[in-house]
2 protein chains.
Amino acid sequence: MAAAFPHVLLGPGDDCAAVRPPGGAMLLTVDQVIERRHFVPGTALDLVARKAVARSISDLAAMGATPWCALATGALPAGFAQSDADALCVAIKKWAEHWHCPMVGGDLASMPDAASPLTLTVTAIGVAHPSGHVVTRAGAMPGDQVYVTGALGGSFDRATGTGRHLTFEPRLREAAWLLDTFGIRVHAMIDLSDGLGRDAARIAQASGVRIEIDADAIPCHPGVADWRAAAGDGEDYELLFTSDADIPGSVPSVGTPVRRIGTVGAGRGCVARLDGGTLIDLAGLGWDHA
Amino acid sequence: MAAAFPHVLLGPGDDCAAVRPPGGAMLLTVDQVIERRHFVPGTALDLVARKAVARSISDLAAMGATPWCALATGALPAGFAQSDADALCVAIKKWAEHWHCPMVGGDLASMPDAASPLTLTVTAIGVAHPSGHVVTRAGAMPGDQVYVTGALGGSFDRATGTGRHLTFEPRLREAAWLLDTFGIRVHAMIDLSDGLGRDAARIAQASGVRIEIDADAIPCHPGVADWRAAAGDGEDYELLFTSDADIPGSVPSVGTPVRRIGTVGAGRGCVARLDGGTLIDLAGLGWDHA
């Protein structure tokens with residue numbers, strides 16, 4: 001641990017971990033993954049661990065932050081095999097380090113019944129972009145363009161429980177490139193976990209602006225029926241952001257597409273504009289986990 | 001928030017919170033509280049929230065740290081009333097601030113069944129004592145005396161679920177006084193969550209020393225049958241520490257008793273010495289939560 005992550009002064013095993021604090025602002029987030037809510041029974045534990053870690057790392061990316069360290073908990077159904085508990089810990093550590101985020105502490109506990117749902121939490125701590133710019137949801141300004149990375153929809157296959165929600169790549173490199181290149185001109189950002197409709201509405205509300213999405217511009221994953229499905233499905237973990245800069249169509253070296261999908265105006269609310277000019281409220285579209 | 005805790009740059013509500021990092025080393029811990037494991041059904045939500053916060057704060061105290069900020073999760077049984085969820089959040093925030101630890105983020109999610117156990121986690125972040133001394137479990141040295149604060153045993157009434165485990169006071173002030181007064185002569189420390197027997201054995205093992213406890217010296221709570229019960233019961237959340245300094249019998253201004261209960265020697269293991277000289281292995285005594 002010491003060699004790879006010199007800021008970790010004391011790793012797991014004591015009452016607390018000890019970590020050298022970052023120079024810049026610290027970003028903090030915690031998220032949960034619950035069986036039969038965020039993944040189906042029988043999902044490989046490695047993918048469950050991956051999702052738990054990736055969700056919190058994605059929140060760091062959405063602020064333009066870089067991972068620093070993390071802590072995790074597992075609440076295990078009664079009778080959960082020790083070998084499975086060990087494998088889960090190994091997988092959580094592996095995935096955290098995959099995103100350069102040393103796992104410095106955690107807690108495993110047993111739940112009272114075998115039917116209790118396996119429940120993981122990951123607390124992730126990041127450090128702000130070296131410029132000091134922390135991209136919140138509240139910075140969108142009238143005149144901004146609205147952009148989204150990647151393509152949307154169909155992340156969680158309801159029939160099988162499989163899909164990108166288990167294998168998505170948190171957009172750390174994309175966010176870092178945006179801030180390296182455009183700095184404070186990246187005004188507002190969020191990672192799409194509850195669907196474009198709801199999450200765009202969150203930026204509009206936090207920023208006190210009106211967001212208008214061009215329905216035809218929404219990038220849909222192959223197999224997604226239409227823009228409504230793409231905007232209503234959740235668990236995309238793509239970045240939605242606003243900027244007054246002219247952002248290119250893909251992130252250099254990574255190749256992730258970036259699509260301009262709308263505009264920010266004065267006023268309030270969040271709507272989709274259809275081809276004929278019809279406006280549809282977007283805040284009502286959205287994803288209820290399981 | 002900003003006025004009371006100026007290091008909190010951005011509180012709950014965005015993808016992450018933003019916090020100014022402390023000047024010294026950061027201490028990090030996470031712990032869980034699970035219904036029917038750490039508290040019985042019907043326990044007042046205010047006390048459940050209190051316990052969840054206090055357990056993690058107690059881990060900070062055990063390193064000599066001061067609370068800086070915290071995050072929490074709640075995994076709620078299906079059908080959990082919104083008013084109860086709101087009350088839980090208010091209580092978690094209240095208790096965290098009671099110990100000067102602003103709650104900067106969190107996540108609430110629903111569990112799949114009404115029978116799923118209410119499960120809370122609290123991640124607490126602290127800052128090391130101003131001297132820079134971080135008291136681990138690994139610092140005990142032959143020649144040290146072993147001390148414990150308060151009295152032990154009977155914290156969790158199995159029949160009713162009530163007891164000190166719901167109302168204990170994390171030993172922040174006691175730990176701060178110890179480090180203010182005796183500095184690096186406080187060699188090792190742990191908070192007693194799994195019982196004196198197991199936790200003393202943890203210090204012995206981490207430090208590579210032998211700990212001998214004088215059974216007659218163990219301070220028992222009224223109603224606790226004998227030293228075995230006191231050493232085997234868990235959830236005391238008292239501080240167990242070793243030092244080569246002569247520590248007074250109570251903490252000034254707070255009045256918490258401090259009792260010398262044993263010695264550290266060369267060798268390995270952790271034993272209790274009875275009046276007649278018999279030695280009993282202590283590592284096997286201990287507390288299984290529920």
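Q: Two strands pair if DSSP finds at least two bridges between them. In β6(A), which residue is the bridge partner of Pro67(A)?

A: This is a predicted model, so read each feature as a prediction. The bridge partner of Pro67(A) in β6(A) is Gly126(A). That bridge belongs to the pairing of β4(A) with β6(A), which has nine bridges and runs antiparallel.

Q: How many bridges join β3(A) to β6(A)?

A: Nine bridges, and these two strands run antiparallel. Met26(A) has Val127(A) of β6(A) as its bridge partner. So take β6(A) with both partners in view: β4(A) pairs with it, and β3(A) pairs with it, because a pair needs at least two bridges.

Q: How many of the nine residues of β6(A) are buried?

A: Apply the cut-off. A residue is buried if 20 or more other C-beta atoms lie within 10 Å of its own. By that test, nine of the nine residues of β6(A) are buried, and the strand is mostly covered.

Q: Which residues point one way from β6(A), and which the other way?

A: Thr119(A), Thr121(A), Thr123(A), Ile125(A) and Val127(A) point one way. Leu120(A), Val122(A), Ala124(A) and Gly126(A) point the other way. All of these residues are buried.

Q: Now the two chains. How many residues of chain A are in contact with chain B?

A: Interface size is often given as the accessible area lost when the parts come together. Here the description is a residue count. 49 residues of chain A are in contact with 49 residues of chain B. On the chain A side, the elements giving two or more residues include β1 (8-10), α1 (45-62), β5 (103-110) and β8 (186-191). β3(A) gives the largest share, eight residues. By type, the chain A side divides into 27 nonpolar, twelve polar and ten charged residues.

Q: Which strand of chain B do three bridges join to β3(A)?

A: Strand β2 of chain B, residues 17-19, and the two run antiparallel. Look at Leu27(A): it stands opposite Ala18(B) in β2(B).

Q: By what turn and shift can chain A be laid on chain B?

A: Two copies of a chain are related by a rotation about an axis and a shift along it. In this model the turn is 180° and the shift along the axis is 0.0 Å, with an RMSD of 0.0 Å. That is the relation of a two-fold axis. Of the interface residues of chain A, 100% are also interface residues in chain B, so the copies meet through the same surface.

Q: What is the strand order of the open sheet of seven strands in chain B?

A: The order is β8-β10-β7-β11-β9-β12-β13, with mixed pairing. β8 (186-191) and β13 (279-281) of chain B stand at the edges. Each has a single partner strand, so one side of each is left without a neighbour in the sheet. On average, neighbouring strands are turned by 30° against each other, direction ignored.

Q: Which bridge partner does Ile213(B) have in β12(B)?

A: Ala272(B). Five bridges join β9(B) to β12(B), and those strands run parallel. Ile213(B) also stands opposite Gly262(B) in β11(B). There, β9 (210-214) and β11 (258-265) of chain B pair in the antiparallel sense over four bridges.

Q: What joins β12 of chain B to β13(B)?

A: Three bridges, between strands that run antiparallel. Arg273(B) stands opposite Leu279(B) in β13(B).

Q: Which helix of chain B lies across β8 and β10?

A: Helix α1, residues 45-62. The helix runs at about 170° to β8(B).

Q: What does the domain assignment of chain A give?

A: Domain 1 spans 8-127 and domain 2 spans 145-281. Their C-alpha centres lie 26 Å apart. 14 residues of domain 1 are in contact with 14 residues of domain 2. The domain 1 side of that contact divides into eight nonpolar, three polar and three charged residues.

Q: Is Tyr237(A), with its positive phi, buried or exposed?

A: Most residues other than glycine have a negative phi. Tyr237(A) has a positive phi of about 55°. Tyr237(A) is buried, with 25 other C-beta atoms within 10 Å. Find Tyr237(A) in the loop between α5 (227-232) and β10 (239-243) of chain A. His100(A) also has a positive phi, of about 60°. His100(A) lies in the loop between α2 (82-98) and β5 of chain A. With 14 other C-beta atoms within 10 Å, His100(A) is partly exposed.

Conventions
Residues numbered from 1 in each chain as written. Chains lettered and ligands numbered in written order. Predicted model: local features only at pLDDT ≥ 70, side-chain atom pairs only at ≥ 80, totals over all residues. Contact = placed C-beta atoms within 7 Å. Nonpolar A, V, L, I, M, F, W, Y, C, P; charged D, E, K, R; others polar. Least-squares fit on C-alpha atoms with pLDDT ≥ 70 in both. Axes fitted to C-alpha atoms, helices over the stretch in contact; angles between N-to-C directions. Domains from an automatic or database assignment. Buried ≥ 20, exposed ≤ 12 C-beta atoms within 10 Å, placed from the backbone.
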